[in-house]
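Biologist: I've got the fold open on my screen and a list of labels I'd like to understand. Can you walk me through what stands behind them?

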Amino acid sequence: MSADEKAEEQLWNFFEVLKCNPKGVHQRRIFHVDPLRRVFTNYEKEKVQKSFPFKKINAVIKEDDPLAFQMDIDGNSAYRCLSYTELDRNMICDRLQEGIDKLKDDYQQVSVVAGVTIKKATVEEMKKEEKEKAGEKVDEATDKLAGASLSTPENKSPTVSRSGSQSGEGGGGAFAPVYRATVEKRGKHSWAARYVLVFRGRLFVMREKGAPVPLNVVDLGGASVSCPEDKKLFLVALHCQARAYTFKCKTAGERDEMRDALKSCVLSRSASQELLSAGVPKKRTASFVEKRPDVKIDGEDSDDDE
């Protein structure tokens, strides 16, 4: 797997959410759930705000509101958050809970030997030494397999390849990137160059190619795609459940390629996790702000330059 493919694989652990501050205002944040390092990280404009090992997360709570969830973290006030879709809310909570449960299982596998508390992995090493002393042949592969579950939690992120093949959850190349390009994205005040990666059901907007943290993670379920008429600019408009985005391409050909890629990926899933019957909904999807006018959102776009 190339370095680019490894970076693309890791994107599936990033989520864009709205985190509520003490004043009741929601701020756009990027959450990263790392199942290998067992770390949760909260980013603001690519900068780490807080990072916690899973062992400090006491509970992840799905609220009655299908978009809302809370995190109880040692030494911190409760993380009260809203996702843009119920599917994203469930993915974040389930991945965190799975990591927390795996950590608890590891602690439960601790054994007490001669009054000294040691991990089961150490016990396996002692057994191995005893076998070697007895002249028995030790099967290294079997020993490694037996202790594999104690080293790192299972990484359920999909393995992506450019050819469309993919291992992990989903199958059938569902997580292979369909489109990659550098385009311009409209911000509050100006256009800015951005590197975009379009997958089935998801769009990642990066500051540049190779950036370690996305600026936007966009669920394409139920989105609508169009090309606004403009005599000078080659535009692609995306209306999704988070909000509206406008991209500018260099040529009409690049615009059409991006439009077609986005349209093909809208087929993947809707907010209710059901397949759409047609490529593009008959009417534009209402944005989060339109559906939830009661939610106060900080005016700063997480993708705007300082």
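This is a predicted model: local features need pLDDT of at least 70, side-chain atom pairs count only at pLDDT 80 or more; totals for chains, interfaces and linings use all residues.

Biologist: What makes it a cavity, and how much space lies in it?

Modeller: A cavity is a set of points where a 1.4 Å probe fits but cannot get out. About 40 Å³ of space lies in the largest cavity, which puts it over the 30 Å³ line used in the search.

Biologist: Which residues line the largest cavity?

Modeller: Tyr84, Thr85, Asp88, Val217, Val218, Asp219, Gln241 and Ala242. Strand E15 (residues 216-219) gives the largest share, three residues. By class, you get four nonpolar, two polar and two charged residues in that lining.

Biologist: On to the second largest pocket. What is its volume, and what lines it?

Modeller: Its volume is about 300 Å³. The lining has 20 residues, and Ala7, Glu8, Leu11, Ala211 and Pro212 are those nearest the centre. Helix H1 (3-10), E2 and strand E13 (191-199) are the elements that give two or more residues each. H1 has the largest share, with four. The lining divides into 10 nonpolar, three polar and seven charged residues.

Biologist: Which residues of H1 are buried, and how do you know where they sit around the axis?

Modeller: The buried ones are Glu5, Glu8 and Glu9. Looking down the axis of H1, they fall within an arc of 105°, so they line one face of the helix.

Biologist: Which residues of H5 are buried, and why do you put them on the same side?

Modeller: Arg255, Met258, Ala261, Leu262, Cys265 and Val266 are buried in H5. They cover an arc of only 140° around the axis, and that is why they count as being on the same side of H5.

Biologist: Why is valine 196 called buried?

Modeller: The cut-off for buried is under 20% relative accessible area. Valine 196 has 0%, so the label holds. That residue is found in strand E13. The C-alpha atoms of valine 196 and alanine 181 are 5.6 Å apart, though 15 residues separate the two along the chain.

Biologist: What makes you say that strand E3 is mostly covered?

Modeller: Count the residues: in strand E3 (residues 39-44), five of the six are buried.

Biologist: How do you know that E3 pairs with strands E2 and E4?

Modeller: Pairing takes at least two bridges between the strands. Strand E2 (residues 26-34) and E3 have five, in the antiparallel sense. E3 and strand E4 (residues 47-53) have six, again antiparallel. For landmarks, histidine 32 stands opposite threonine 41 in E3, and phenylalanine 40 is opposite phenylalanine 52 in E4.

Biologist: Which residues have a positive phi in the two hairpins?

Modeller: In the hairpin of E2 and E3, with four residues between the strands, arginine 38 takes a positive phi near 60°. E3 and E4 form a hairpin with two residues between them, and lysine 45 in that turn has a positive phi of about 50°.

Notes
Residues are numbered from 1 along each chain as its sequence is written. Side-chain values use heavy atoms; hydrogens and water are left out. On a 1 Å grid over the protein atoms alone, a cavity is a set of points where a 1.4 Å probe fits but cannot get out, and a pocket is an open set with protein on both sides within 12 Å along at least five of seven lines; lining residues have an atom within 4 Å of a point. Grid points are joined across faces, edges and corners, and a volume is the space filled by probe spheres set on the points. Ala, Val, Leu, Ile, Met, Phe, Trp, Tyr, Cys and Pro count as nonpolar, Asp, Glu, Lys and Arg as charged, and the others, Gly among them, as polar. Buried means under 20% relative accessible area, exposed over 50%, partly exposed in between (1.4 Å probe, protein chains only). The arc is that of the directions from the helix axis to the C-beta atoms.
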